[in-house]
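Biologist: I have a few things to ask about this one. Can we go through it together?
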Amino acid sequence: MSTPNAPALVRLFSSDLDGTLLGNPEAASRFKTAWLELSPEARPLLVYNSGRLVDDIKRFVANGVLPEPDFYIGGVGTQIFDAKAGRMLDELSDYLRSGWDLTKVREITARFSGVRPQSDQHQNEFKSSWFLDRATPGAIRQLKQQIEATGLDINIVYSSSRDLDVLPGNATKGGALTWLCARLSIPLEQVVVAGDTANDTSMFRLPGVRGIIVENALPELFEDTVDLPTFNSRQILADGVLDGLCHYGVVCVLPSIQKSRAKRDELAPEFKMLFSGTKLGSLNDKEKVFIATAYEKALIALKKNITPLGFSACSLTDNTVTGTDVNYRSVWARDGAITVWNTLHIEDEEVRTAQLATLETLLNATTPTGQIPANVRIDDGVPDYSGVGSIASIDSGLWVIIAIYHYAAHTGDHSLLYKHADRLQTIMNWLSAQDSNNDGLLEIPEAGDWTDLFGRSYNVLYDEVLWYRTNVCYARMLEFMGNFDKAADYLRWSQKIRGRLLDIFWPTTKPGDDLNRPTTNVNRFADRQHGMGDTQYLLAEITPFSYNWRCDTYGNILAFLMNVLDADRARTAFRFMWGVGVNQPWPVSNLYPVVQAGDPDWRSYYTVNLLNLPHHYHNGGIWPFVGGMWVRFIHRLGFHEVACRELVRLAELNKLGRDQEWEFNEWAHGQTGRPMGKAYQAWSAASFLRACQELEVDPKNLGEA
């Protein structure tokens with residue numbers, strides 16, 4: 001739950017590390033710069049509060065990634081190190097020792113079904129750490145009861161659907177922070193905390209503490225804090241932390257993205273090699289002018305799509321439509337929602353009005369059972385609930401829920417939520433019904449999403465990523481409206497979706513993995529996918545009888561932008577996609593490798609309108625709107641210079657045009673790079689605008705550079 005700006009004195013700031021301050025090296029550098037620029041006299045005490053042990057945390061200071069803190073809290077609240085005094089605060093041990101017996105804890109926990117011990121480097125005398133995949137709340141309660149039956153006083157902290165820490169009753173991140181604040185005579189009302197997972201919950205629930213939750217936080221933390229007045233940043237990792245510190249009046253000036261970029265010689269060795277031959281460095285003056293021109297042209301292209309009913313898919317006046325192309329004269333749920341999502345940063349009354357009109361048009365055409373139309377025709381206002389072959393568009397509802405949440409969160413206008421509250425719930429019910437076997441994932445009919453002439457079905461990566469995000473977004477909308485219990489239910493379910501998604505779409509041969517699969521509602525064929533080894537990306541599709549091993553570029557990009565993939569796995573996927581050249585000749589091809597005639601995945605209808613021939617359309621075509629997300633994906637990984645170079649190339653593609661320059665076409669051929677789709681496509685322009693804004697190379701920021 002968000003809270004208005006609170007200017008009260010902040011004397012201590014306690015932050016988690018992994019997934020909060022760490023994950024994007026450039027963002028961590030911005031945090032370090034901003035912190036060190038604060039006046040030492042006015043700067044709050046800085047505390048790193050991590051599940052890592054203190055010695056492990058120290059290396060991030062020693063190697064220059066993070067500024068030196070005043071205190072380290074390590075081992076989920078079992079260690080405190082005073083940096084100025086240069087010693088452990090051993091007095092904490094007396095506070096923790098009562099009711100604790102490490103030997104007994106290890107003996108009992110080791111017998112619990114499914115647990116695996118973590119390595120010695122994660123253990124200490126007050127911390128017994130294990131892996132337990134996708135444990136239910138009931139299983140955690142059962143383990144706690146078994147240990148407490150021996151007379152011990154313990155806490156169990158379970159996070160990330162995997163990490164299990166058994167601790168003394170007084171030991172948590174929040175418990176250690178309380179002990180430290182009491183020692184320093186700092187009231188909890190003068191403390192700000194930041195985090196991203198459930199093992200940070202104890203910090204947020206301290207009475208009077210103010211909290212910062214970063215955008216990439218797992219649903220488990222949103223669930224645990226749904227009733228608290230926290231600041232929920234719309235930025236990820238350390239940038240989200242800085243956003244929160246600005247909100248609470250601690251940091252007044254945020255470092256420029258341009259000035260905190262990692263130069264080639266600062267990259268990890270494997271990425272130095274990956275980018276060998278790639279032009280890096282700051283944008284020169286000519287490139288800045290080109291990007292500024294591209295931004296202006298994109299805004300023109302976007303506004304060509306403004307109609308009384310909302311955003312059209314492509315300009316109605318600049319495209320000739322024949323036959324089934326008449327569908328382009330519509331407000332499409334998918335296209336419109338993506339356009340809304342990507343243009344919220346634009347402070348323009350005409351654009352804002354079109355955003356609201358788009359959402360209202362689609363919501364008002366929702367069926368009584370909760371189905372969002374695939375599109376609503378602009379000429380007569382008639383909704384169409386089926387696409388090619390009369391197949392329902394499942395992702396229409398997914399995208400609309402996501403767009404409505406972001407509209408409400410960005411504008412602060414929640415009237416749309418209250419006006420359509422019953423309808424929004426009905427939409428969620430309709431979407432939930434697509435999970436017919438109740439395993440957490442949707443079953444998609446063939447060609448039942450954005451690839452509406454391409455043969456994907458059952459558990460499709462793209463749709464499952466959106467389904468996860470839809471549940472999170474709907475939960476946050478319920479939170480806005482004060483329905484905290486129901487919000488917590490949806491957040492809990494979204495965590496199940498994420499765990500299931502990662503389980504089957506990212507196969508692994510890691511020892512012990514088979515022992516920790518869910519025992520019910522399991523796709524048994526997917527369980528045998530370890531035969532393909534450890535994958536480097538999320539697979540494109542899973543069915544009860546097969547799986548599609550291709551790399552869905554778009555789906556993997558979305559998985560990071562929608563907070564399904566953590567930064568480490570996203571980097572692995574990026575290395576693969578960059579290595580095979582999904583961004584050649586332009587950013588970016590939606591699929592690698594393409595499906596060829598004679599391939600088991602080939603369908604005869606791929607020749608319809610010659611759309612899905614190899615390197616065409618959904619079969620490895622280049623999509624500028626995905627290219628904009630690709631640029632943001634790279635930037636969020638901490639490769640700003642690479643992202644800027646890709647943005648320049650994306651601008652060059654958008655300039656090409658079929659009939660004239662700056663058409664921002666729908667798609668381009670995957671080999672020739674020539675534009676093939678409709679001109680002035682709304683989401684192509686919108687995605688480019690969003691990428692410019694996120695990289696701080698829009699005209700406003702370029703003018704200040």
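This is a predicted model: local features need pLDDT of at least 70, side-chain atom pairs count only at pLDDT 80 or more; totals for chains, interfaces and linings use all residues.

Biologist: Cysteines, then. How many disulfides does the structure hold?

Modeller: The structure holds 0 disulfides. Take Cys692: the nearest cysteine sulfur belongs to Cys644 and is 9.4 Å away. A disulfide needs the two sulfur atoms within 2.5 Å, so Cys692 is in no disulfide.

Biologist: Is Cys692 buried or exposed?

Modeller: Cys692 is buried, because its relative accessibility is 0% and the cut-off for buried is under 20%.

Biologist: And Cys551, buried or exposed?

Modeller: Cys551 is buried too, with a relative accessible area of 0%.

Biologist: Switching to helix H17. How many of its residues are buried?

Modeller: 20 of the 20 residues of H17 are buried, so the helix is mostly covered.

Biologist: What span should H17 have, and what does the model give?

Modeller: H17 covers residues 461-480, and at 1.5 Å a residue its 20 residues should span 28 Å. The end C-alpha atoms of H17 are 29 Å apart, which agrees with that expectation.

Biologist: What follows H17?

Modeller: Gly482 follows H17, and its phi is positive, near 85°.

Biologist: Now the sheet. In what order do the 4 strands come?

Modeller: The order is S6-S7-S9-S8, in an open sheet with antiparallel pairing.

Biologist: Which strands stand at the edges?

Modeller: Those are S6 (116-117) and S8 (154-159). Each has a single partner strand, so one side of each is left without a neighbour in the sheet.

Biologist: How many bridges join S6 and S7?

Modeller: S6 and S7 (residues 128-131) pair over 2 bridges, in the antiparallel sense. In S7, Trp130 is the bridge partner of Pro117.

Biologist: Which strands does helix H4 touch?

Modeller: H4 (residues 102-110) packs on the sheet and touches S7, S8 and S9 (163-168). The direction of H4 makes about 15° with that of S7.

Biologist: Last topic, Ser415. Where is it found?

Modeller: Ser415 is in helix H15, residues 415-419. With a relative accessible area of 45%, Ser415 counts as partly exposed, because that value lies between the 20% cut-off for buried and the 50% cut-off for exposed.

Biologist: What separates Ser415 from Arg500?

Modeller: They are 85 residues apart along the chain, and their C-alpha atoms are separated by 34 Å.

Key:
Residues are numbered from 1 along each chain as its sequence is written. Side-chain values use heavy atoms; hydrogens and water are left out. Buried means under 20% relative accessible area, exposed over 50%, partly exposed in between (1.4 Å probe, protein chains only). The expected span of a helix is 1.5 Å times one less than its number of residues. Two strands pair if DSSP finds at least two bridges between them. Contact means heavy atoms within 4.5 Å. Axes are lines fitted to C-alpha atoms, for helices over the stretch in contact, and angles run from 0 to 180 degrees between N-to-C directions.
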